[in-house]
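Open the model in your viewer and keep the selection panel at hand. We will go stop by stop.

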Amino acid sequence: MNHYALTIIGRDHPGIVSRVTEILYRRGCNIADSSCSILGGQFAMLLIISQPEEESGEDLLHYFAPLEEENLSVFLRTLRPGGEIRPHLQGELCMVSVYGSDKPGIVYRVARELGEREINITDLNTKLIGSVQRPVYVMMLEATLPAGMSVEDLEQAMAAVAGELQVDISVRAINPVEL
Amino acid sequence: MAVRDILLYPDPRLKMVCDPVPECQELEPLIQDLLDTMYEAGHSVGVAAPQIGVPLRVVVVDVSASKLGRKNNHGCLVMVNPEILEREGSMTMREGCMSVPDYTGNVARAEEVLVQFNDRDGTGKVIRAVGFEAVAIQHEIDHLDGYLFLDRVSSLKTDLFRRKQR
């Protein structure tokens, strides 16, 4: 079975999901994993899809052409075998909240710190809030720590970044519980 | 007695409203099975009777061995015909469920609950549970009404629990 990564983005309006999923349904595609959201005025769809019929990516993309005419941008990438399988992340899970006066480099500076420590970001959202005069930047991310690293270790590293960027950063452990 | 298999959604028995236990009904084998099943799972802190296919209002909860519940708990709780009398406060936890494997989601529940139930010996009790124990009790009692955490979730996250090898 072929797996593809499908990305669709365009000015938000009612009916985008319906149009996209109708095409997928008619082509016999399954939506395995997906996340869709409104970002600014744009609606963005990220999907991992599979197709039992083994159509080539190019052939499949052809069926999305009508969407391009509606000003939606469509990207399709054929995944290598196994590319659809989620890795088993073992380390501690934590949530990092970063917020403060908007300035260039907040995301990069925090992400660099995480990347250098082999911390895996699994979810990331940012928003610009506040007023035009006093914009506030908010970033929320979830990350898996490498084996042996504790939430306290990350807290310490983030405290240094918070001081340097003059923003507030809090780190807290997420403990998923199976009941 | 016996470790029983946990029913997995979409088993329709997980979506049924369970019957109250009539007075004088022999429950000892069921209670022991629930406890055995909970402790055998290793990481589990609660099991409800419908999860092993018995449509009766019985749950067991024990958070005393878990990191989150160690400080505040009532030990091993056997609850027959439990009823939440009062709810207070709110807390959100990333919940998962043995009947819905490999999914977790953020669920907001009361931080504190006052629960009335009959214990293993049939004695009427009222306890005030807080924190993780309160969350576990609410999760298990939801099973008795056919609710899964998926009915309460505000956002879904995939998460694989490490399971005890059999």
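How much area is buried between chain B and chain A, and what share of it do carbon and sulfur atoms give? The buried area is about 1,600 Å², and carbon and sulfur atoms give 52% of it. Buried area here is the accessible area (1.4 Å probe) that two parts lose on being put together, summed over both.

A word on ground rules. This is a predicted model: local features need pLDDT of at least 70, side-chain atom pairs count only at pLDDT 80 or more, and totals for chains, interfaces and linings use all residues. Residues are numbered from 1 along each chain as its sequence is written, chains are lettered from A and ligands numbered from 1 in the order in which they are written, and side-chain values use heavy atoms, with hydrogens and water left out.

**Stop 1: the interface**

Select the contact between the chains (heavy atoms within 4.5 Å). Chain B supplies 24 residues and chain A supplies 12. Now show A:Glu142 and B:Arg94. Their side chains form a salt bridge, 2.7 Å from N to O. The rule for a salt bridge is a side-chain nitrogen of Lys or Arg within 4 Å of a carboxyl oxygen of Asp or Glu. The rule finds one salt bridge across this interface.

Next, colour the chain B side by element. Strand S4 (91–97), helix H2 (131–144) and strand S8 (153–158) of chain B each give two or more residues to the side that touches chain A. Helices (H or I, at least four residues) and strands (E, at least two) are DSSP runs, numbered from the N terminus.

**Stop 2: strands across the chains**

Strands pair if DSSP finds at least two bridges between them. Which residue of S4(B) stands opposite A:Val177? Pick B:Glu95.

**Stop 3: inside chain A**

Over all chains, the whole structure has 19 salt bridges. One to select is A:Glu55 with A:Arg27, at 2.8 Å from N to O. This pair links distant parts of the chain, 28 residues apart. A:Glu55 lies in the loop between strand S3 (42–51) and helix H2 (57–62) of chain A, and A:Arg27 in the loop between helix H1 (16–26) and strand S2 (30–39).

**Stop 4: two backbone details**

Go to A:Asn71, in the loop between helix H3 (65–69) and strand S4 (72–78) of chain A. Its phi is near 70°, a positive value in a residue other than glycine. Finish in chain B, at the peptide bond from B:Tyr9 to B:Pro10: this bond is cis, with omega near 15°. B:Pro10 sits in the segment before helix H1 (28–40) of chain B.
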